[in-house]
Amino acid sequence: MTTVPSQGLRHFSITRPWLKSFRSSTSMASLSSSITEDSEQAQPSTKQSSTKSGSYFPKRGQILELECESLAFKGKGLCKVAETGFVLMCDRALPGERFVGRVTRKKGSYGEVTKLNTLSPHWDFVDAPCEYASYCGGCKTQNLSYEAQVRAKEEQVRDLVIHVGRFSSSELESLSIMKPIVPCDIQFHYRNKMEFSFGAQQWLPKEQLEEKNDGDKNYALGLHAPGFFDKVLNVHKCLLQSEPANMVLAAIQDCWRDEHLGLSPYNVHTHTGFLKHLMLRTGSNVKTGCLELMVNFVSSSYKPELLKPLVERVSAIPEVVSIMNNVNTSVGNTSVGEEEYTLYGKSNITEILRGLTFQISANSFFQTNTHQAEVLYKLIEECADLRGDGSEVVLDLFCGTGTIGLTLARRVKHVYGYEVVPQAISDANLNAKLNDIQNATFVQGDLNKIDQSFGNNFPRPDIVISDPNRPGMHMKLIKFLLNLKAPRIVYVSCNPATCARDLDYLCHGVEEQNIKGCYKLKSLQPVDMFPHTPHIECVCLLELCDNPS
């Protein structure tokens, strides 16, 4: 493993003038759009004084020579202007890379820059195996060695826990709270779900603009180009999905533009066209363990005769056991339809997780990396530290389709799960029945809008599992947990910034609102669920203080 220079991932001080206002906000929902920007501000740092840093702000359009020092939140490269230390964030810049960039805008205490050309490559350089890696927004760090990727992710989590969560570095080390990140053994073909878009306008990189075509030759099926809702990068193969899924994608790419078929992509400007999305889901046959594939065409209307040629082509692939058609008549870009039709085979596929069988429909939520979900759920079970005598009550917040709660159910007295999405609750009940689990109750409800009556319908839990989405937990829910005083909370997070904030509230309280924390952080385990992307999962264990007030 290459040693990271001292100015890289491991050593940078942090200024965070935004933290006071960030912590004093009482509306977690209002932070959903700004939290990632706040988190990025937590990463930038400078050794210069604030006076010196504030004296020079690069102008928009100015061209500078920069060196990326480290990776910040969302995988952006952190750079500093040589003369002043002013922080600039650059997409697709990697540690050690020297490049020429153009300043695009200023955001408070930092700015953003677009890379024009590379002068010298970054540390830990590897050749990206995907031909689309330079353009697709999915795998931003594919040409960074995997060891360097997980090292950067671990440091990002540590930095946020210290500077947003207000846990001291010595505390994390002396008490062995911060654990080394768990890498993913499988770095490619790990996703069991991919969603591709049909587009009337193909996005082309600058070097290919002369090849631009008109009409149906400009149609595209692939992934949205970063920053464009109306332009699609044409993709024939994605290294994150299974090989059978790539066979389906290639088969559709080979024929859908045939003018004799009468198919057209949906145009987001004129709101005309037929094909909107192609969703591919990979599962496992419960009896054989072999891969099973669901193909879901999302269209603007129900015209099965138009899809028939594609269905015939795709159903010839042995792994395809289900072909669905979701009809979405709205002008929005969602892949969830108002109506759903089965065009071939069965209406669902299955997956095995922690010894349980889960039924997956076209729109079900399920962990998109099944292999690493096994690792993640095992860590959750270890943090829960169940007695195993069937006496404990588990409160499963943001339970989704019930996967976490159901994996614990056979060792506890009862699981109570809460989730806002009605379809997820329906799937959770179905999964409980499928696995003959009768001690799990799943309730549909918005945890961001709980009132004083929340908690009346279940006994005081021994363990709380909380797995919120990216905005984290609403202050109402945090207040509820602080009053509930369950002995243990296992906090599962997909956003280390909001995770650090919520850990701070639960452990240290909110002084501005006279709210006292009553938990101590016992362990924090980063997990890499999605190699080559900036996403990080964390499993945190909190225990009630000995004498909570």
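Mentor: Let's settle the term before anything else: a salt bridge here is a side-chain nitrogen of Lys or Arg within 4 Å of a carboxyl oxygen of Asp or Glu. You're looking at a predicted model, in which local features need pLDDT of at least 70 and side-chain atom pairs count only at pLDDT 80 or more, while totals for chains, interfaces and linings use all residues. Residues are numbered from 1 along each chain as its sequence is written, and side-chain values use heavy atoms, with hydrogens and water left out.

Under that rule the count is 21 salt bridges. Start with R488 and E392, whose closest N and O atoms are 3.4 Å apart. R488 sits in strand β19 (residues 488-493), E392 in the loop between α8 (370-384) and β15 (393-397), so this pair ties together parts that are 96 residues apart in sequence. Those labels are DSSP runs numbered from the N terminus, helices being H or I with at least four residues and strands E with at least two. Are the two partners buried or exposed? R488 is buried at 14% relative accessible area, and E392 is buried too, at 1%. The cut-offs are under 20% for buried and over 50% for exposed, with partly exposed in between (1.4 Å probe, protein chains only).

F398 has a positive phi near 55° without being a glycine, and its relative accessible area of 16% makes F398 buried. That's worth a second look, because most residues other than glycine have a negative phi. D436 is another such residue, with a phi of about 55°. You'll find D436 in the loop between α10 (422-434) and β17 (440-444), but D436 is exposed, at 58%.

Next comes R501 with D502, where the closest N and O atoms are 3.0 Å apart. R501 is buried at 1%, and D502 is buried at 0%. Elsewhere, salt bridges that share partners join K76, R105, K107 and E112 into one network.

D502 also turns up in a helix pairing. Helix α11 (residues 475-484) packs against helix α12 (residues 496-508) at about 35°, with the axes 10 Å apart; axes are lines fitted to C-alpha atoms, for helices over the stretch in contact, and angles run from 0 to 180 degrees between N-to-C directions. On the α11 side you have M475, I478, L481 and L482, and they meet D502, Y505 and L506 of α12. Contact means heavy atoms within 4.5 Å. By class, the residues of this contact split into 6 nonpolar, no polar and 1 charged. (Nonpolar is Ala, Val, Leu, Ile, Met, Phe, Trp, Tyr, Cys and Pro; charged is Asp, Glu, Lys and Arg; the others, Gly among them, are polar.)

E173 is exposed at 51%, whereas R158 is buried at 17%.

Now for the barrel. Its 5 strands close in the order β1-β2-β3-β5-β4, with mixed pairing. From one strand to the next, the twist averages 50°. Strands count as paired if DSSP finds at least two bridges between them. β4 (residues 98-107) and β5 (residues 110-120) are antiparallel over 9 bridges, with K106 opposite G111 in β5. β1 (residues 63-71) runs antiparallel to β4 through 5 bridges, and E65 has V100 of β4 as its bridge partner. Another 3 bridges join β1 to β2 (residues 77-80), again antiparallel, with S70 partnered by L78. β1 and β2 make a hairpin with 5 residues between them, and K74 in the turn has a positive phi of about 70°.

To zoom out, the chain has 12 helices and 21 strands, and 55% of its 549 residues count as buried.
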